[in-house]
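Load the model and keep the sequence beside it. The walk below goes from the whole chain down to single contacts.

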Amino acid sequence: MEESPAFITVTATENTQHRHSQSNLSGASGGQTNDWNQENVYPSCNDSGKELQPLRRRRSHIPDKPNYSLNLWSIMKNCIGKELSKIPMPVNFNEPLSMLQRLTEDLEYHELLDKAARCESSLEQLCLVAAFSVSSYSTTVHRTAKPFNPLLGETYELDRLEDFGYRSLCEQVSHHPPAASHHVISQRGWTLWQEITIASKFRGKYLSIMPLGAIHLQFHSSGNHYVWRKVTSTVHNIIVGKLWIDQSGDIEIVNHRTKETCQLKFSPYSYFSREVPRKVTGVVSDSGGQAHYILSGTWDDKIESSKIVQSSKGGSGSEGKQKTVYQTLSPKLLWKKYPLPDNAENMYFFSSLALTLNEPEDGVGLTDSRLRPDQRLMEAGRWDEANSEKQRLEEKQRAVRRRREGGQGGERERGREYEGFQPQWFHKRTNAITGETNFVYKGGYWEAKDSQDWNMCTEIF
């Protein structure tokens, strides 16, 4: 109990369930009975007919990962006396996807947002948004290789308008610190945007990765606007042993229109704890702070929600803190992880979606990650060629930066303010809700794709 969160849940009996479902205990759900089923998670989240069938067959495999032995010393001896940012890290540490493609993977369980957009109750909608925020970590459990760092101005589009109703665009908007902006619009009633900067700290045995920046999600019909931030990822056994990843920390999801909140807790792995590993717990509360739903599960498998019918103060824990006892209805499944494809262990543990992300596609922007040669060579298993290509691209990027910085000096001498690199598809704006200044989509990409006019794109590959 010492390790458990500040509440205990007790499932109500069938009699209590029947009695409570008659009275209008939840103003949010209009007192409907909670006989949910898995296809339709909440009764007020009506289904809008059949899903559209994918119009084209996507690939279901990539070449198997070659069995290269990695000589750490051969890399380290080349690093002696060099500035850290100038050390060419070989592709042996990578997976054949860029950070922009990894960011797009957050959309794997987009149907949770499609379902949430149809919810009449904002509290039920918040449960689905919370499940979506957890689902983005499910792909990380076996994925210990690092994605490619995108080049400045690199983009990645995922156009799934015809089969899933959404279009997604990412762009690398800054190199130091590395930052990527992402914008998704769905015909099924929602828009999501984020700018993520990665901060990392190497602590000897493990590496902490802290994604900085807020994720915004707005539903078109209700105007509900949700904001949350990602938790810390930790890569263990950096020097010796098998690499493994853990997620830990708290996420607060706030609906800024209604002031309803969801507090999620990602419990760090502990060798001494009897808790289920990778555990996530959460409470969904209204604007007055009254709890309505309990969320529970693990970030690598599933999330369930239980409707609270009664709460009372329980006994004190070991530190004298009083725990709340919530009496709930039976838990209902919100999200379950899809099984990995066959042979996934030889394909970098990619999910079915990840296998399709680097598939060559006609008509994409000239700066798209699919056209990046070192990544393409690595995916094909030609790692030596990929390493020399990666070195060429990084040197080319440094030369461009030197030229830009040279221009900066000239502008300053002439008394003009030098603006530096400007992203092609995103521009800086201050967010009214968070007060942060970050890059948001300014438009124009999909129109350029329709007309196949890419004259504005700089040549980065």
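Helices (H or I, at least four residues) and strands (E, at least two) are taken as DSSP runs, numbered from the N terminus. By that count the protein chain has 10 helices and 20 strands. This is a predicted model, in which local features need pLDDT of at least 70 and side-chain atom pairs count only at pLDDT 80 or more, while totals for chains, interfaces and linings use all residues. Residues are numbered from 1 along each chain as its sequence is written, and side-chain values use heavy atoms, with hydrogens and water left out.

Start with the surface. Accessible areas come from the Shrake-Rupley method with a 1.4 Å probe; for residues, only the protein chains shown count as cover. The protein chain exposes about 23,200 Å². Carbon and sulfur atoms supply 50% of that area. A residue is buried under 20% relative accessible area, exposed over 50%, and partly exposed in between. Of the 461 residues, 49% count as buried.

Next, contacts, meaning heavy atoms within 4.5 Å. Take the contacts between residues at least 6 apart in sequence: 60% of them join residues at least 24 apart.

Now go inside. In soluble globular proteins, nonpolar side chains tend to be buried together. A nonpolar core here is a set of buried Ala, Val, Leu, Ile, Met, Phe, Trp, Tyr and Cys residues joined through side-chain atoms within 4.5 Å. The largest such core has 64 residues. Within this core, W190, L217, F219, W228, I253, L264 and F266 touch the most other members. Helix 5 (residues 122-135) gives the most to this core, with 9 residues. Apart from it lies another core, of 12 residues, and V173, W425, Y441 and W446 are among them.

What does F219 touch? Leave out residues up to four places away in sequence, and the list is L113, A116, A117, Q125, V129, G189, W190, N224 and Y226.

Helix 5 also holds L126. L126 counts as buried because its relative accessible area is 0%. With residues up to four places away again set aside, L126 touches Y226, I253, E260, T261, C262 and V284. The C-alpha atoms of L126 and Y293 are separated by 9.8 Å, although the two residues lie 167 apart along the chain.

Two strands pair if DSSP finds at least two bridges between them. V227 stands opposite V254 in strand 12. Strand 11 (residues 232-236) is also antiparallel to strand 12, through 5 bridges. There, S233 has Q247 as its bridge partner. On to strand 13 (residues 261-266): 6 bridges join it to strand 12, again antiparallel. I253 stands opposite C262 in strand 13. The hairpin of strand 12 and strand 13 has 5 residues between the strands, and K259 takes a positive phi near 65 degrees in it. In a regular strand the side chains alternate between the two faces of the sheet.

Finish with charges. A salt bridge is a side-chain nitrogen of Lys or Arg within 4 Å of a carboxyl oxygen of Asp or Glu. The count by this rule is 30.

R229 and E436 form one of them, at 3.1 Å from N to O. This pair links distant parts of the chain, 207 residues apart. R229 sits in strand 10 (residues 225-229), and E436 in the loop between strand 19 (426-430) and strand 20 (437-441). R229 is partly exposed at 37% relative accessible area, and E436 is partly exposed at 26%.

E275 pairs with K279, the closest N and O atoms being 2.8 Å apart. K279 is buried, at 18%.

E459 and K396 meet at 3.0 Å, N to O. E459 lies in the segment after helix 10 (445-451) and K396 in helix 9 (residues 383-413), 63 residues apart. E459 is exposed, with a relative accessible area of 65%, whereas K396 is partly exposed at 26%. Elsewhere, salt bridges that share partners join E157, D159, R167, K449 and D450 into one network.

Terms used. Buried means under 20% relative accessible area, exposed over 50%, partly exposed in between (1.4 Å probe, protein chains only).
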